[in-house]
Every structure is written in C-alpha cells, then in structure tokens.
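This report walks through one protein model. It begins with a single residue and then widens to the fold.

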Amino acid sequence: MHELSIAAAVVERAQETARAHGAATVDAVRLRVGELSGVVGDALRFSFRLAAEGTALAGAELIVEEVPARAACDGCDAEFAVGSPPRLWCPRCERPAARLLAGRELELIGVQLAQPDDVRPPDREPCPAAPRSAGRGEDA
Ligand SMILES: [Zn+2]
C-alpha cells in the first residue's frame, strides 16, 4: 500500500528529528502533498496512525497541506489549474502544450516537537559535570 510506506518514512524521519533535538515525543508533523502525487489524504491519515503506533509520534497530528496542481502553457504563458483527473490543455489556446508547475509535491515540511530545544547561549558549552537531577533516592 502506497500510503503506508509513505507514512512509515514520515514517521521514521520525524523520529530522527525528535532524537536529534532531544524531544521525547512529536506533537505534529506537516506534509505538503500535491494534487497529482497519487496520495489519498484519508488513506494517508489512516496509515499514519498505524505507523505512529508505539513510536514517538503516537497521538501526533498529521497536518496535510494540499497543493493544487497548476500548469503553464508554452504557447501563451497562461497559468491554469489542472484539476484532478489532470487536464493538461491550455484553456486559452486549447492546445496540449502545458508545463506542470505544481502538484507532484510530497514533502515533509515540518515536525513539531513536544519539547523545544534547550536554549543555550551560543558561546558556552553545556557543563558535563552538572548534576542531572535533584532529589535522587533509592526508593524510586
Ligand atoms: Zn495557451
């Protein structure tokens, strides 16, 4: 299933981002999906929930930004919406000479982490000897 492999790849990349930033969980991921990418939004959302189960993305929101397909005519430079199913005909000169400008996107454009990065002054290294936590006890 097309959407499931996409969802799995998105979950994997978002988890890498979370790890790199020291965040335990991901609140939301944002995808840009073109009208002609062949991805079905509902199937993608369903697959995302499956792929996110048991990961840092469990319960994360999938935000899909849909990009309408647009094309331009080589003859008259008119830009027009292609629609779905796509029609690559210039509505002005009625010729099949259109360049696709947008609509095939499938990109992960944002990962919203549950915890922001630690804010540190750029010219100071964190002290490795700093105590990690207060109030340690044997009865935990
Ligand atoms: Zn034209």
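## A buried alanine

Ala98 is buried, because 22 other C-beta atoms lie within 10 Å. Buried here requires 20 or more other C-beta atoms within 10 Å of the residue's own; 12 or fewer is exposed, in between is partly exposed, and C-beta atoms are placed from the backbone. Ala98 belongs to strand β5 (residues 98-102).

Beyond its neighbours within four places in sequence, Ala98 is in contact with Ala71, Ala72, Cys73, Leu88, Trp89 and Cys90. Contact means C-beta atoms, placed from the backbone, within 7 Å. Cys73 is 25 residues away from Ala98 in sequence, yet their C-alpha atoms are 4.4 Å apart.

## Model and overall make-up

This is a predicted model: local features need pLDDT of at least 70, side-chain atom pairs count only at pLDDT 80 or more, and totals for chains, interfaces and linings use all residues. Residues are numbered from 1 along each chain as its sequence is written.

The protein has two helices and six strands. Helices (H or I, at least four residues) and strands (E, at least two) are DSSP runs, numbered from the N terminus. Their order from the N terminus is α-β-α-β-β-β-β-β. Of the 140 residues, 24% count as buried. Among contacts with a separation of 6 or more, 71% come from residues 24 or more positions apart.

## The open sheet

Three strands form an open sheet, ordered β2-β1-β6, with mixed pairing. The edge strands, β2 (61-67) and β6 (106-113), each pair on one side only. Pairing takes at least two DSSP bridges between two strands. Neighbouring strands are turned by 20° against each other on average, direction ignored.

Strand β1 (residues 26-34) runs parallel to β2, joined by seven bridges. Helix α1 lies across β1 and β6, at about 40° to β6.

## The helix pair

The axes of α1 (residues 2-20) and α2 (residues 41-52) come within 8 Å and cross at roughly 50°. The two helices are therefore oblique. Angles under 35 degrees count as roughly parallel, over 145 as roughly antiparallel, 65 to 115 as roughly perpendicular, and the rest as oblique. Axes are lines fitted to C-alpha atoms, for helices over the stretch in contact; angles run from 0 to 180 degrees between N-to-C directions.

In α1, Glu3, Leu4, Ile6, Ala7, Ala8, Val10 and Val11 meet Ala43, Leu44, Ser47, Phe48, Leu50, Ala51 and Ala52 in α2.

Key. Contact = placed C-beta atoms within 7 Å.
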